[in-house]
Amino acid sequence: MANTPTNFFGIVVRRQRYKERDALVTILTREYGFKTFLVRGTQTAKSKISGSVITFSYGEYAGIVKNDGLSYLNSAGNIKQFNEIMQDIELNAYATFLFDLYHEAFVDDPVPDSWYRLLFKALLYIENGYDAQIIVNIMQMKLLEAFGVAPNMDSCVVGGETEGNFDVSVLLGGLLCSKHFDSDIHRLHIPKRIVYFLRLFSKIDLGQVGKIEIKENNKDLIQHAIDAIYLGTVGYYPKSKTFIDKMKRWRF
């Protein structure tokens, strides 16, 4: 990338103070992926850009984008914020976790446009009052494809059966029908209704989410199943998942 100013659309993922007057701001840009920018003068009262680089802001930015090292942000325009996400600790946690999943899935590469749009749509749904856990769980099931470990949620991985009772085998990479349960003694052993939701989440369009109502105990079982799939395939979780787990324990 040339050292000349360029315009781009972005979502502010993280901001931290840098030295006395400046900030380091990580932006998920539509054109270049995740980039960290040095933004000068954000700690001063006269700063014109400070309010545009608050975490969960989004809009049009301009600056010098570099392949390596820090990029530099010069200006911003048409900036909006996900205000509900900014102000609610639970929504904030789920949105941060979603950003981190994207960073792990795409690393330093540009995020494909379809995936970028899907993330933005997910944030809009969280912002507008949809169940944050369910939105993120749906995104988790879809992101397994981006991680390159998408399970077969269409048919039994052993016999190809498409009807009957199913469980999920992390080891074998997808559904197991009851005739082949013995193929993996470590299958997840989850109820039929949870298998249904996992299959649904892997296929559903986010626009249909408003029709889904899930009881709290089922939501817990869904999360445990997705956790098992991630730990058995992707192999790890971002640290932000730890905070969500702690946050869930606040209910008890």
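Entry 1: I started with Asp245 and Lys241, which form a salt bridge with their closest N and O atoms 2.7 Å apart. For the search, a salt bridge is a side-chain nitrogen of Lys or Arg within 4 Å of a carboxyl oxygen of Asp or Glu. The two residues sit four positions apart in helix α7, so about one helical turn separates them. I noted their burial too: Lys241 counts as buried at 3% relative accessibility, while Asp245 is partly exposed at 28%. The cut-offs here are under 20% relative accessible area for buried, over 50% for exposed, and partly exposed in between, with a 1.4 Å probe and protein chains only.

**Entry 2: ground rules.** I reminded myself that this is a predicted model, where local features need pLDDT of at least 70, side-chain atom pairs count only at pLDDT 80 or more, and totals for chains, interfaces and linings use all residues. Residues are numbered from 1 along each chain as its sequence is written, and side-chain values use heavy atoms, leaving out hydrogens and water.

**Entry 3: the overall picture.** I counted seven helices and eight strands in the protein. Helices (H or I, at least four residues) and strands (E, at least two) are DSSP runs, numbered from the N terminus. The C-alpha trace spans about 70 × 40 × 30 Å along its principal axes. Of the 252 residues, 49% count as buried. The protein exposes about 12,800 Å², and carbon and sulfur atoms supply 48% of that; accessible areas come from the Shrake-Rupley method with a 1.4 Å probe, and for residues only the protein chains shown count as cover. I also checked contacts (heavy atoms within 4.5 Å). Among those with a separation of 6 or more, 57% are between residues 24 or more positions apart.

**Entry 4: two domains.** Where do the domain bounds fall? Domain 1 covers 6–81 and domain 2 covers 85–251, with bounds from an automatic or database domain assignment. Their centres, taken over C-alpha atoms, are 30 Å apart. The contact draws 18 residues from domain 1 and 19 residues from domain 2. Between the two domains, about 1,500 Å² is buried, with 75% of it from carbon and sulfur atoms. Buried area here is the accessible area (1.4 Å probe) that two parts lose on being put together, summed over both. On the domain 1 side, Arg30, Phe34 and Phe56 lose the most area to domain 2, together 44% of what that side buries.

**Entry 5: Phe56 and another positive phi.** I went back to Phe56 for its backbone. It has a positive phi of about 75° although it is not a glycine. Phe56 is in the loop between β3 (33–39) and β4 (57–64), and at 2% relative accessibility it counts as buried. His189 also has a positive phi, of about 55°, and is not a glycine either. I found His189 in the loop between β8 (174–177) and α5 (192–203).

Entry 6: How many salt bridges does a search of the whole structure find? I got ten. Across the interface of domain 1 and domain 2, the rule finds one. Next I looked at Arg14 and Asp100, whose side chains meet in a salt bridge at 3.2 Å, N to O. This pair links distant parts of the chain, 86 residues apart, with Arg14 in strand β1 (residues 6–18) and Asp100 in helix α2 (residues 89–106).

Then I turned to Lys219 and Asp131, a salt bridge with the closest N and O atoms 2.6 Å apart. This pair also links distant parts of the chain, 88 residues apart: Lys219 is in helix α6 (residues 216–233), and Asp131 is in the loop between α3 (113–127) and α4 (132–146). Lys219 counts as buried at 7% relative accessibility, while Asp131 is partly exposed at 31%. Salt bridges that share partners join Asp131, Glu216 and Lys219 into one network.

Entry 7: Last, I returned to helix α7 (residues 240–249), which holds Phe243. Phe243 is partly exposed, with a relative accessible area of 33%.
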